[in-house]
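Trainee: Hi! Could you walk me through this structure, step by step?
Mentor: Happy to, let's open it up.

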Amino acid sequence: MSTSTDRPEPEATTLALSRDGRPVSDRGDTVCVIGAGASGLTAMKNLREQGFGVDCYERETGVGGAWNWRHDRSPVYASTHLISSRPFTQFPDFPMPDSWPDYPHHSQLLAYFERYADHFDLRSHIWFGTEVIRVEPVEGEGWDVTTRSTGGYGPERTSRYAAVVVANGHNWSPKLPSYEGLEEYRGEVMHASSYKDPAQLRGKRVLVVGAGNTGCDIAVEAAQQASQCWHSTRRGYWYAPKYVLGRPADQVNDALLALRVPLRMRQWLYHSTLRLTVGDLTRFGLPKPDHRVYETHPIANSQLVYHVGHGAITPVPDVARFSPYGVQLTDGRQIEPELVVFATGYLPRFDFLDPLVLGDDSGTGRPNLWLNAFAPGHPTLAVVGLLQPDSGLFTLAHWQAVLFARLLQLRRTHPDRAAAFAATVQARAGERYSGPVKDSTRHWFEVGHVEYLRAVQRALDSLEGK
Amino acid sequence: MSKVRIIRGQEWARPVRPVRREVVSAIPEPEQGRPPLLFVPGFGHGAWAFAEHWLSHAVSRGFPAHALSLRGQGGSEAAARTSLRSYVHDVVQAAAGLPRQAVLVGHGAGALVVAHALARYPARAAVLVSPVFGGWGTLGAALRRNPAGTLPAAFGGRLRLSRAQLFSRELPDAEARRYVSALGRASRRAQWQLLSGPELEPPVGDPPVLVLGSPDDRVVPPAALNRVARRYGSAPLLFPGMGHDLMLDARWREPVDALLDWLEKEPVAR
């Protein structure tokens, strides 16, 4: 926790008043970073490296965001492990210790972020326990950022910044589906965000809804702890083991990507490898996938199929409706769980920003950005970490931050290149960086890491004039 | 220098195999908030080369100091298929394991390892001491000075550095013999990579770089020293009369004091 006292206090003496007449303190060329999770930390580190002052606002009292289990919005549960292996997940210029396992535990991730913050001396720039309630563009491409103590205590305070990095994360606002009769259902209902420990499942009849990585993890734990476990999925999925051919599966895939093996070929190789090792899943009653592998967010879980094979997990189709004491499935079956866990994901939210700023004209909650980071018409704004990659997020967030820091610097030294960049943002907002994917609230910001990073590389090269 | 390379397929798909690393550390009491130094020895040397004089001297001036042995040398575990990249991995791992942003100090071929590591770790500053950046010129110079010790290395054998290459005549004979007998061997692949290795990528965060050397160094000719310094936009700081191993030679105190003075003046490294 920060105990530093050398933090510059914003000066409350400025020319302009905010819209509601409070004084606005001018922070000059300082950049505001919203959130001190993985994306916010890497944004701070890279902005400081390029010579910018930063103020970071963090609603919680520690760094690590979603990966800090002490935070009330953290979605991690006791057994959360990485699903992409270490080389894909670490920051490219601050590797995780090589003595760590291929797939580290969430507590190791938190230790990693805390070490990153200390190593680069970031904590003294973070205002802990402070939440951002409004971010408004002002003339001259600056931003007025209004903050207050988390929980709404204390007065509001507005500061003017030269640029803003939005890094508030996208895995904290639970997405709850609506079902007919759910209100009358007498059993226990929870979202995966409040699932913390397998003891919550012990001895109960549990229905797990959703086959994301979280849903599969919870189903596996229910298989070991609950008296019965049903796992409801909308469609068939490819359950990829964490290891194939004796190596972390993503490393095998990237060896092929490095050779530029085309997608169809990789899909064929993947399908055959799975057929040879895991076998035909429909034999267990799992539905056949209606898509090719790499067309939905990858699920890395070696244990799910194992427990299905032991009969500890009963795969069932989608839920049709709830009754007071049971659940009716779309195939007409009736089951009677005591506990329903909705592992139905999260929705990104930017409550402090006018949706129009992020180009979300229709109010669908889907910003219209280039590289999932840059908003047309707002050259001093970047969203970092709004990605659902088929590998680790932090590597990608790092390069987004590097690109934004370089952009801000070149706005001073090479305005022509910055203007060309802004034109590109305008022209190419909404671009996608993955092969064909199934459309859903989870997949609209799905990216293929190589495709995405190639696009970032091109953007960086043109910015540097190389 | 080439451009920043974001796609690192080879590094992602084939991570370097970890080994147990020897890091000799000396921390000043009380801690004075100075950046930690990480010393990286050249081929054949280990952490011992810095533990001899420089570590304790850095500590006496208030800098936490750590010396690493590259894999297969000094007290670090060896591993199969060791290459320049494995050495770079060792340096980046050791640097990232320190509590604060470190200053990397590389000697000899260790300076080349540090130069590569700068592209994978945002060092606060870097010091290249008698840097061996390789190339055919290095081989030529070594063959001229020490044909019997160098020739086997060109065919994958052991590189034997001689007393005359490493030290000045001022160093007492007994000490020189002790140091030469402590020399180990670098990986064959890494030795070859000195001749034509991977291209250097730009350093992360553009740290200040200082080059130290001696005009009387029999491993690094003055032209090579100037070339390395020019790459980082400076001129080398010279210590005439000293041999290649500035940290072990009789007047070891002068270069390390110059290095620490420079760090104290360099604003970003303070």
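Trainee: Which domains does the domain assignment give for chain A?
Mentor: Chain A has domain 1 (24-173 + 347-464) and domain 2 (188-241 + 278-342); such bounds come from an automatic or database domain assignment. Do keep in mind that this is a predicted model, where local features need pLDDT of at least 70, side-chain atom pairs count only at pLDDT 80 or more, and totals for chains, interfaces and linings use all residues. Residues are numbered from 1 along each chain as its sequence is written, while chains are lettered from A and ligands numbered from 1 in the order in which they are written.

Trainee: How far apart are the two domains of chain A?
Mentor: The C-alpha centres of domain 1 and domain 2 of chain A are 32 Å apart.

Trainee: And how many residues are in contact there?
Mentor: In chain A, 14 residues of domain 1 contact 15 residues of domain 2. Two residues are in contact if their C-beta atoms, placed from the backbone, lie within 7 Å. The domain 1 side in chain A has 6 nonpolar, 4 polar and 4 charged residues. Here Ala, Val, Leu, Ile, Met, Phe, Trp, Tyr, Cys and Pro count as nonpolar, Asp, Glu, Lys and Arg as charged, and the others, Gly among them, as polar.

Trainee: Now helices. How do helix 8 and helix 10 of chain A cross?
Mentor: The axes of helix 8 (residues 393-413) and helix 10 (residues 449-464) of chain A come within 10 Å and cross at roughly 15°. Axes are lines fitted to C-alpha atoms, for helices over the stretch in contact, and angles run from 0 to 180 degrees between N-to-C directions. Helices (H or I, at least four residues) and strands (E, at least two) are DSSP runs, numbered from the N terminus.

Trainee: What does that make them to each other?
Mentor: Helix 8 and helix 10 of chain A are therefore roughly parallel. Angles under 35 degrees count as roughly parallel, over 145 as roughly antiparallel, 65 to 115 as roughly perpendicular and the rest as oblique.

Trainee: Which residues make the contact?
Mentor: Among them are Leu396(A), Trp399(A) and Leu403(A) from helix 8 of chain A, and Tyr452(A), Leu453(A) and Val456(A) from helix 10 of chain A. By class, this contact of helix 8 with helix 10 of chain A has 11 nonpolar, 1 polar and 1 charged residues.

Trainee: How many residues do chain A and chain B put into their contact?
Mentor: Chain A gives 28 residues and chain B gives 23. Helix 10 of chain A supplies the largest share of the chain A side, 8 residues. That side of chain A has 14 nonpolar, 4 polar and 10 charged residues.

Trainee: Over to chain B. At what angle do helix 4 and helix 5 pack?
Mentor: Helix 4 (residues 84-96) and helix 5 (residues 109-117) of chain B pack at about 70°, with their axes 9 Å apart. That makes helix 4 of chain B roughly perpendicular to helix 5 of chain B.
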